[in-house]
Every structure is written in structure tokens, then in C-alpha cells.
Amino acid sequence: MSVLPFIDIGLSILVVTVAASTIFMQELFAAVVSYVAYGLLLAFVWIRLYAPDVALTEAAIGSGVTGVLLITAGKRLVPLSRTTTEAEPTLTLRVFAGTFAALVACALGAAILVLPDEPPSLAPEAAVAASGAGAGLGNPITAVLISYRSFDTMLEKIVLILAVVAVWSIGTDGAWGNAPAQLRQARPHPEMVFLAQVLVPIGTLIGIHIFWVGADAPGGAFQGGALLAAMWMMAMMAHLTEPPRIDVRWLRLALVAGPAVFLIVGLAGVFMAGSFFAYPPSLAKPIILFIETFMVLSIAAALPMLVAGPPNERPVP
Amino acid sequence: MTFLVDLFRIVAIVVGTFFFVAGTVGLLRFPDSLTRLHALAKADNIGLGLVVLGLLPLTENVLAAFKVILIWALVLVSGGSTAQLIGRALRSGRR
């Protein structure tokens, strides 16, 4: 009698409970903390589904970076809610919002109910692609991400850049080009400085390591990049470094490097291997690692910029 | 010899789990945030340390053993520092 089914059932109950508590939590900060816990539990669920790559991403992005993003957003909402006098939504608006939400829920439920019993799967094709073009890589997930569904992977990074552009655009016209406000306004506590000084070098090393082993083991560009992003955020929180001005050349180059290199290599594939985003099999591994290096750079630059927010009105002296 | 190693592993992991349970009980039962923080930080660090000790004989090579110890060290540093930060925030009465 194995104990694992009981762990699975317990985990499922816990995930649903924490998800519900996230929704029903009254206080914003408590809801965010609950959401972070939900993300970590979800990472365990992915591990139980034998998907350590997804688990790593969920823990780093879904729980870690999104958590920081939400906490920062919540902090910015506090002064806003004090200054504006909120008008109660009218009854019509409430009824409309409620009906709309119910409709969306029904549509989602119906979509799940009408799913064919044998779900359409791209897994066999992906497996073929992974053993074909990505044969040099020990980790089939990375092979599928960069080789089989390369276009999707590239577009994901472009979405990230668009998000950064959107965040920057929220700032006023006069602020354009300035640096975002510091992640913590007050002088950082000595514990924070100590933590950043100890953790940032080690975390950077681990981030690069996770990216590098991603070719042959669970890990990869997104997971490694997210760790590097977290380390940069930590250094900024401890005031070890300032957020850069948003018009500096190196930041913009870092942001577009991933998708740009991906596109160039993809176009080169037309001439070298006969089709867009095709790699010559003998060179697949070095090419994939080359693309991923720039992907890591873009992710490590984009995520902290999302958290740092729009450029500040007053330029940092 | 293997019996002794197995015994050591079982004892270390069981005692480690006990510290986790004790920390959780403290988190639920202690009256205020500072004492709860104390229970959590102490118990989890020792608990994880003992579980790591118990897992060490299972590691395949020195590098894997080093990684497991590194995980414990990272938790020690970050756990200890964040406990200090939360404690400071509590004393200055911001939350």
C-alpha cells in the first residue's frame, strides 16, 4: 500500500483550499501571501505529475516573481485608495458584471464538457521533433521548446517585452527616459543588505547553472533567467544597485536580444536547413544553447523592469 | 555498517520531522507574531538540517551531497535574515 495517493489527495485538497482563500481573502496583502503559497503548492503538483521543468517555472515565475509584482502593486494601491473617494458601483453595473462573469464561467465549463474523450495531442509529433532536431539535447523539454514550438517560445518573449513597454508607457511624458523609482524608498535595513550581499552572487551562479543544465536535465532559459531576475531585484531592493534609466542602450539591447537572436537564427534556418526555424541536426545543440543564452538575458532584464514599474517623475540624482 | 547508516538516517529524518511539527504547532499556538517567528525560524532550520543530514548517505556523489548542504545553507541564510526583517517590521509597528 503506497502512501503516495494519500499525499496526492491531500495536496489537491490543499491547492483548492488555498486557491479559494486567495479569492475570498479581504485584505490585499493577505491575498497576495495566499497566492504565493498557492503557487508553491502548484509547483509540488507539477512535481507529482513528473514535470520538474514546469515545477521550477511555476515556483520561480508563478510564485516568486508574480508575488513580488503583486506586493509592489498592492503597495502602490494604498496611497491611491486614500486619495480617491470611491463611488459605489451602481446596481446596473453590478448586475452586468455578475452576468458577464457567470457567462464566462459557463463558456469555460461548456468548453471542458465538450472536450473529446480522446483529447487531441501534439505529444507524438513533439516527441519526434525532440528526437530529431533536438537530438543533441538530453532534456526533451528544452528541445521541444526551442525546436518544435520555437515560434511560440519566441512570441512568449515578445509578449514580455510588450508588457515592459506597456509598464513604461504608464509614466508621464516628462518622466520618459528616467529611471524607475527605487524598489524600496527608505534606506534598506542591514539584514536586507547582508542577505543581498550573500545571496546575489550564489543565486547568480545557480541561475546560470540551471540554464546550462537545462540542455540535459530539468531547467532551462526561463527558470535560470527568472532566478537571475530575482537576484537583480534583490540587489535593487538592498540599494546595492539602482534601477537603470529606461533609455540606456544596454538595457534595451538586453531586452530585445532574446527574440532578435531567435528570429535571426530562424531566418538563417531558411538558407541552412531549408525551412524557417529549422536547424541543421549536427549543430542543433550549440545553436539552441546560443539562442537560449540571449533568452536568459532578455528574461533577466524584462522581469525586474516589470517589477520596478514606470519611470519616475523626478530623475534619480 | 549499512545497518548503522540506515539507523542514523531514520533517526535523523524522524527527529527532523519532529522539529517541523514542533515549529508548526508553535506557529499555530504561540500568542504573538514575535514568538511565532521564533518557533518557525528555529524549528525549521534545525528540522531541515537534520533531514539533510539523514539524506546525505543517499546522495550519489560528493557534488550531490554538496548541493544538498548548499540548499540547507541557503535556507539558513534567507530564513534567518527574513525572520530578522519581519521582526524589525513588527517592532517598528508598521504591520
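The model is predicted, so local features need pLDDT of at least 70 and side-chain atom pairs count only at pLDDT 80 or more, while totals for chains, interfaces and linings use all residues. Residues are numbered from 1 along each chain as its sequence is written, and chains are lettered from A and ligands numbered from 1 in the order in which they are written.

Chain A holds 11 helices and zero strands; helices (H or I, at least four residues) and strands (E, at least two) are DSSP runs, numbered from the N terminus. Along the principal axes, the C-alpha atoms of chain A fill a box of roughly 65 × 55 × 45 Å. Of the 317 residues in chain A, 32% are buried. Here a residue is buried if 20 or more other C-beta atoms lie within 10 Å of its own, exposed if 12 or fewer, and partly exposed in between, with C-beta atoms placed from the backbone. Among contacts in chain A between residues at least 6 apart in sequence, 74% join residues at least 24 apart; two residues are in contact if their C-beta atoms, placed from the backbone, lie within 7 Å.

Chain A is divided into domain 1 (1-90) and domain 2 (125-317), with bounds that come from an automatic or database domain assignment. Their C-alpha centres lie 23 Å apart, and the contact takes 11 residues from domain 1 and 15 residues from domain 2.

The largest nonpolar core has 68 residues. Such a core is a set of buried Ala, Val, Leu, Ile, Met, Phe, Trp, Tyr and Cys residues joined through C-beta atoms within 7 Å. Both domains of chain A give residues to this core, so it lies between them. The residues with the most contacts inside the core are Ala226(A), Ala229(A) and Ile299(A), and the largest share, 17 residues, comes from α11(A). Ile299(A) touches Ala226(A) and Ala229(A), and its other partners include Leu160(A) and Phe222(A).

Helix α11(A) (residues 284-308) has 25 residues and should span 36 Å at 1.5 Å a residue, which agrees with the 36 Å between its end C-alpha atoms; the expected span is 1.5 Å times one less than the number of residues. Because 20 of its 25 residues are buried, α11(A) is largely enclosed by the rest of the structure. The helix is followed by Gly309(A), whose phi is positive, near 90°.

Val65(A) lies in helix α3 (residues 52-83) of chain A. It counts as buried because it has 21 C-beta neighbours inside 10 Å. Not counting residues up to four places away in sequence, Val65(A) touches Ala60(A), Ala226(A), Ala229(A), Ala230(A) and Leu303(A).

Helix α7(A) has 20 residues and reaches 29 Å from its first C-alpha to its last, close to the 28 Å expected. Its buried residues include Met154(A), Leu160(A), Val164(A) and Trp168(A). Seen down the helix axis, the buried residues of α7(A) fall within an arc of 110°, so they line one face; the arc is that of the directions from the helix axis to the C-beta atoms. These buried residues pack against α6, α10 and α11 of chain A. On the other side of α7(A), the exposed residues include Asp152(A) and Ser169(A).

Finally, seven residues of chain B are in contact with eight residues of chain A.
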